[in-house]
Amino acid sequence: MPAWDRARAIATSRTIRFLVLAVLALPGRGAAQTFFADDPLEREPVPLPAFDPGVRNLSFLLEAVSSTFKRPGERQPHPGVIAAQGVNTMGDVLDGAWYVNRHGRARLTLEQLRRGSGDALAPSMTGPWRVLLLRNQGSRPAIVFRDANNQMFLLRFDPADAPEMATGAEMISSRFFHALGYHVPDTYLVVFDRDRLALEANASDVTSIGQLRNLLPEDIDRLLAPVARRRDGRYRAVALRVPAEGGSLVGPFQFFGTRSDDPNDIVPHEHRRDLRGLYVFSSWLNHTRVDPLHTVDFVVVPEGQPAHIRHYLFDFMATLGSGITKAKPAWEGRDPAYGQRTTIRNLAGLGIYTPSWMRAAYPDLPAVGRLESATFDPDTWTPNYDVAPFANRLPDDTFWAARQVMAFSDEDIRAIVQTAQYSDQNAERWIADSLIERRNRIGRTYFSRVLPLDGFAIRGDELVFTDLAVQHGFTAPRRYTVEWRQFDNAAGKPGALIRSEGAQIPPAGTAGSQGSYMLARLTAQGIDPGMGVTVYIRNQADGRRIVGIDRDWPGRTLVDPRLVVLPTRNRYADLEPERQKLFDGYAQALSVKGGERVAPDERFRALTPSEQTTYDAITHALMRSNLTDDAGRPLGRALDLVTGLDRIAGQQAGRSGDLQFRLYVTLRPDARDTLERSREFVRGHENTVYHAGYPSSYRLGTVPSIQFSLADDGRSADIDVDYRTSRAPQSLFNGHLTSSNSDVRAGDNARQHDRRWNGFVDWWSDLFKPVKFIDTAVGPAGPFGTAPTRLPTPLPPDRPANLSIPELSDAVQEFLTDWLIRRNFLEAQSFLAPQVAACVADSVGIDKGASPDRLRQATLQLLEQTANTWGRPRTLTDAMNPVIPWSPSVRVVKHAFDGDFAVVEAPTELGALYECGATPPKTFRPSTTPEYGVYFGALLQVVREGRPGGSLVLVWQRVNNEWRVVAYRALE
Amino acid sequence: MHDPAPLSRASRWVWAVTLVMLVCGRSIASAQDVTTRAEEIERERRQKQVTLWPEREDPLVARANGLLDRGLGEGIQSGAGNNGWQVVLSGTRANQGQAFGIGYRRSDLLRDTLTARAAVAGTLAGALVVSGEAELNRLRRSPDTFVTLYAKYERSPRMEFYGLGRDSSVDDRTRYLLNTLSGEVRAGYRFTRNLNVGVEFLGGGAHTGPTSGQDVPSIETIFDATTAPGLFDDTTFLGYGGFAGYDTRDVPRGPRSGGFYGINFTRYVDLTGGRYTNRQLELEGQHFLPYFNATRVVALFARARFAYTGRDDRVIPFYLLPKLGGNFDLRGFGPYRFHDNNAFMAAVEHRWYVFSGLEMALFVDAGKTVSDKGEIHLSGLNYSGGVGFRARVNDAVVLRFDVARSREGLRWIWSMSDISRRRF
């Protein structure tokens with residue numbers, strides 16, 4: 001970096017540092033005051049009660065695909081970085097639902113380290129273990145049992161080829177992660193006879209097709225047959241106690257965003273220091289499979305606290321050298337499961353290129369697996385899949401974590417490794433030695449990225465500290481320079497230089513009035529001057545106290561979106577009274593619910609920028625959309641239909657497009673009737689795939705348009721503005737269904753908005769110039785938005801045109817293949833019933849009454865143009881994803897190609913609405929006894945060059961006993 | 001305020017939260033009144049609390065998890081596929097084109113002791129295979145005993161024949177139709193985890209016929225019943241034999257360590273006159289030598305197959321003769337390139353890691369077919385070599401792409417099976 005650049009970066013950094021420190025400690029939106037009286041806070045306040053949080057499952061397959069190809073979550077911007085959150089002013093993580101400072105703050109005794117998360121509730125050995133559930137499939141055979149004390153446990157085993165490997169890894173790593181501060185379930189090493197296991201009444205066995213059946217004793221024998229067995233004939237296993245503090249399991253947590261139903265989850269996970277630092281801990285313990293599926297959220301009810309969600313790490317059987325069923329593959333921890341750079345490198349290397357890790361020496365100890373330290377590089381270690389907070393880690397995050405790691409002495413490490421109770425002392429020694437050396441490498445690496453001063457204290461009139469790099473022998477003793485300044489806490493600004501030498505607190509500082517602050521910036525000789533530590537000291541009645549620490553490193557330029565994007569002028573003041581009134585009701589409701597007294601304008605200012613622009617754009621469009629009936633009589637404005645605002649959904653990283661940039665509102669009781677009577681709003685097709693829970697769609701003319709999606713009660717609705725057409729085929733490729741479709745800030749959406757509804761001002765553009773908004777189809781495009789990575793479905797045999805195809809799925813596949821892959825448009829056209837011409841006429845903008853030849857020609861052109869736009873996929877798998885409807889009225893038909901497209905059976909009344917030229921009736925009431933068998937649909941999401949686009953439904957019917965497309969529509 | 005009309009789930013949830021807050025909520029300082037960090041955090045939480053929204057589960061999650069519940073992971077490793085309906089992409093004989101079909105598999109029958117699978121697949125070239133299989137993994141009183149029943153109908157219109165012997169000319173390439181219907185029962189015993197020994201009984205019929213292909217002449221245009229014994233002479237046969245295998249490979253599809261060594265003996269009894277009664281002996285060895293922590297593997301393969309008639313008045317039908325050439329041995333030569341009474345081959349592959357889902361390989365194959373056992377020596381071998389890619393999912397090779405070259409040209413191979421697949 002050029003010198004002037006660095007100087008500028010340092011200057012910028014220093015300026016911003018003081019602002020950022022104000023928000024470093026959890027929320028705080030730009031308050032000028034830097035420190036509060038209770039800083040530094042050590043634990044989070046008592047959590048708010050979590051009301052009935054829903055159970056949310058995740059899929060390993062989908063998560064692997066998503067993290068490999070989509071990289072969800074907010075990443076570090078360029079230029080600048082976002083500092084870690086969820087910390088106090090000292091940079092330490094607060095004790096709470098995510099993390100509890102343990103060994104790093106106050107050393108645990110060896111006994112406490114060995115005990116881990118608890119040893120008081122080990123499985124009782126006085127009675128039988130009553131098996132409740134058994135799963136013998138896959139690589140993870142497991143037994144759930146209840147002991148004599150009614151405690152529930154999950155029992156897991158070692159593979160026969162590697163006794164003690166996986167269970168040892170679980171024992172060791174669970175204790176390390178507990179000592180490091182994470183919540184982990186209690187884990188016990190157990191040795192038992194087969195006779196210990198007895199059947200509980202109604203115990204279940206999970207079959208190889210994932211169903212449950214009654215458990216028999218021989219099922220237990222079969223599970224135990226291939227697992228490792230001790231020489232004395234007994235079994236060794238780990239028992240994970242299922243937390244039962246009055247709580248329940250609510251599924252894994254994601255490494256980005258926050259849970260929308262947890263009031264205490266207010267820091268985006270990708271910016272949590274405890275999750276960023278987890279990278280260092282994972283590298284130390286070789287936890288390569290750290291992903292959401294190795295986490296779990298529990299609702300717990302600790303004494304004196306309301307029920308709330310606590311976040312756990314669990315399942316450490318694949319840590320250290322264990323790959324669970326065999327030794328961990330050598331690439332784990334060195335290469336990601338898929339990485340473009342490593343792939344190119346290894347392809348080009350032609351087997352001759354062999355990085356050091358490939359040649360690493362591992363011991364011939366089955367209990368160890370593949371763990372070593374000689375080729376371990378903390379900086380290049382990698383988990384198997386991308387983890388957002390890992391990618392966001394900064395030098396102060398890794399310093400925080402390295403400091404925790406270095407807190408473990410050799411003796412501590414050996415004590416924890418002993419808990420694995422390896423029968424071979426060589427295994428115990430190898431693992432302990434490896435962890436000691438890996439610890440040292442972590443310290444040496446991360447203590448060189450910042451000035452590693454720690455242990456700050458005021459002794460007499462002197463500021464004392466420890467240089468961790470010197471303490472651990474990573475560097476020779478060095479001299480330090482201290483620069484003292486006054487600090488104006490109210491303004492958040494440093495004051496005048498008061499003395500510039502020595503750690504002795506200057507007289508001006510000692511004489512400071514109670515409540516005054518000073519700061520000391522420390523640098524060390526021989527290292528980059530941009531690498532420094534700023535210590536903040538408060539004068540208080542009982543003496544001086546260190547209240548804040550901030551670390552610099554060269555090139556650090558902090559960006560905090562909450563600071564950068566806050567407008568200087570509150571947009572609320574510019575809203576018309578009607579729009580203010582609607583928001584006032586919302587703000588008032590929030591105040592009542594929260595027991596606060598926050599003025600509406602302040603409430604509006606507190607919204608995120610995307611929430612502000614979403615509210616502004618949608619209410620602006622609603623207010624300027626006048627409604628009239630067929631006779632031209634006024635029905636009021638669209639805004640008048642809204643009586644209450646329930647929620648503003650702004651940008652939410654990682655969520656699908658139909659959940660972002662919209663208002664959830666309560667409508668007038670007659671709103672549905674008014675929409676149906678209005679000439680301006682057109683009844684759209686039922687929402688069966690997107691807008692889950694809001695099936696009825698009303699759309700205002702052409703784009704940009706307002707879409708009301710009403711729930712069955714007719715009172716709840718979500719409203720958004722679509723800036724991209726929803727008409728097929730354009731909507732398949734134009735970003736409709738991506739979040740940018742409704743984000744007024746994206747592309748030229750604001751200009752379109754102003755053209756359609758006059759008087760709209762893109763007031764954020766000057767403020768947000770450095771901020772790039774989403775303009776293309778990034779992120780998930782609907783619930784299924786990923787590029788396909790599944791195995792390609794083979795092309796079907798090229799059937800002659802007009803050959804009778806009995807099965808609908810075959811006909812769909814043949815049609816799509818003819819159209820998109822073989823590009824035989826004539827054969828594809830033979831699948832189209834004559835009535836499709838009306839849809840085509842609508843798509844290409846010609847008269848529906850045109851001659852049949854003209855319509856046929858237009859159909860061919862449309863097929864060809866659409867195929868050209870779609871690209872040149874080689875298989876249907878490349879070209880599309882299946883789309884699964886949420887609506888229970890639509891039946892999903894299983895078929896052989898459901899990896900490419902979905903086939904559904906629709907009620908006749910619903911299918912008829914999708915026919916070409918059919919206008920959905922203004923009043924559509926679903927039948928309580930729907931009939932099926934007439935209309936079928938093929939649902940797919942377009943994928944072009946690996947990027948998901950819009951969704952298409954092809955309506956199929958039997959015409960003269962042949963399957964034919966009778967209509968098509970873009971899904972909205 | 002809302003009227004009591006029914007509300008959507010989200011609204012009900014939000015209002016329930018509101019109700020709880022109204023009952024349980026306690027006042028905190030307003031934004032202007034915040035004087036402590038704790039209050040600031042509480043204020044942020046309150047702000048979130050009033051805008052809580054239920055989490056939504058992606059509808060694909062249940063489907064993806066369902067696939068794993070139905071044994072997708074294990075099915076990929078074993079090659080048997082998931083339980084339930086399957087897309088079938090292999091199963092036809094070599095050179096019939098890419099197969100497409102469907103199958104249905106259940107491994108949970110009789111409390112996971114019986115696995116049954118039925119499949120039908122075809123190719124654009126008109127090949128068809130219909131198969132059914134039932135495998136009893138263990139008997140009640142003998143858990144190490146296994147019994148497999150297998151029945152199959154195959155129609156293979158693009159079988160190829162170049163004449164007998166290693167000197168057969170590539171210019172004599174012809175095609176024929178082979179239809180077979182066969183049934184087989186194999187019963188064995190697992191002496192250890194790696195060693196199993198068993199017997200087999202089989203029966204069926206074979207039909208050969210001409211083809212109408214225009215690019216390659218039909219077999220009868222060049223060969224007759226003398227040069228292609230058994231041509232157009234339908235046979236029905238019974239058979240019996242035995243097998244033994246010692247398998248220490250780490251994974252069955254694309255192993256990186258261990259080996260497989262096996263022997264298989266079968267006697268075919270011609271029920272239509274005895275002219276085609278013969279015996280066949282197969283020997284196979286595979287060994288995998290990993291180095292650099294299994295990021296490199298040297299794979300060694302050797303196979304031999306010997307056919308005997310035992311009497312001068314008997315012949316071995318040309319379609320039952322040992323063969324070389326194709327996707328698994330002498331890969332630079334076309335499928336079924338060499339036929340004769342005896343065939344043997346060896347191959348060496350050097351494989352290296354690219355990423356967890358891909359390996360590359362360099363390979364050399366050598367082998368020949370001979371009519372007399374006295375000609376079994378290393379002179380006059382046919383050679384081929386090439387480079388390949390192997391795609392791995394869940395540690396199993398699921399796709400193989402090889403480019404092989406021999407004196408007869410370049411061949412591009414696309415296969416769903418690794419070369420290490422077991423033949424018996």
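What percentage of the 972 residues of chain A count as buried? The share is 60%, where buried means under 20% relative accessible area, exposed over 50% and partly exposed in between, with a 1.4 Å probe and protein chains only. This is a predicted model, in which local features need pLDDT of at least 70, side-chain atom pairs count only at pLDDT 80 or more, and totals for chains, interfaces and linings use all residues. Residues are numbered from 1 along each chain as its sequence is written, chains are lettered from A and ligands numbered from 1 in the order in which they are written, and side-chain values use heavy atoms, with hydrogens and water left out.

**Confidence**

- The model scores ipTM 0.85 and pTM 0.72.
- Chain B averages a pLDDT of 88, and 91% of its residues score at least 70; pLDDT is the predictor's confidence in each residue, from 0 to 100.
- In chain B, pLDDT stays under 50 over residues 1-8 and over residues 17-32.

**Chain A**

- Chain A contains 26 helices and 31 strands, taken as DSSP runs numbered from the N terminus (helices H or I, at least four residues; strands E, at least two).
- Among contacts in chain A with a separation of 6 or more, 67% join residues 24 or more positions apart; contact means heavy atoms within 4.5 Å.
- Ala120(A) lies in the loop between helix 3 (110-115) and strand 1 (129-135) and is exposed, with a relative accessible area of 71%.
- The C-alpha atoms of Ala120(A) and Asp186(A) are 9.3 Å apart, although the two residues are 66 residues apart in sequence.

**Interface between chains A and B**

- The contacts involve 88 residues of chain B and 114 residues of chain A.
- About 8800 Å² is buried between the two chains, with carbon and sulfur atoms giving 57%; buried area is the accessible area (1.4 Å probe) that two parts lose on being put together, summed over both.
- On the chain B side, Arg37(B), Arg45(B) and Arg111(B) lose the most area to chain A, together 10% of what that side buries.
- Nine salt bridges are counted between the chains, each a side-chain nitrogen of Lys or Arg within 4 Å of a carboxyl oxygen of Asp or Glu.
- One salt bridge pairs Arg37(B) with Asp39(A), the closest N and O atoms being 2.6 Å apart.

**Strand 4 of chain B**

- Val130(B) lies in strand 4 of chain B and counts as partly exposed, at 37% relative accessibility.
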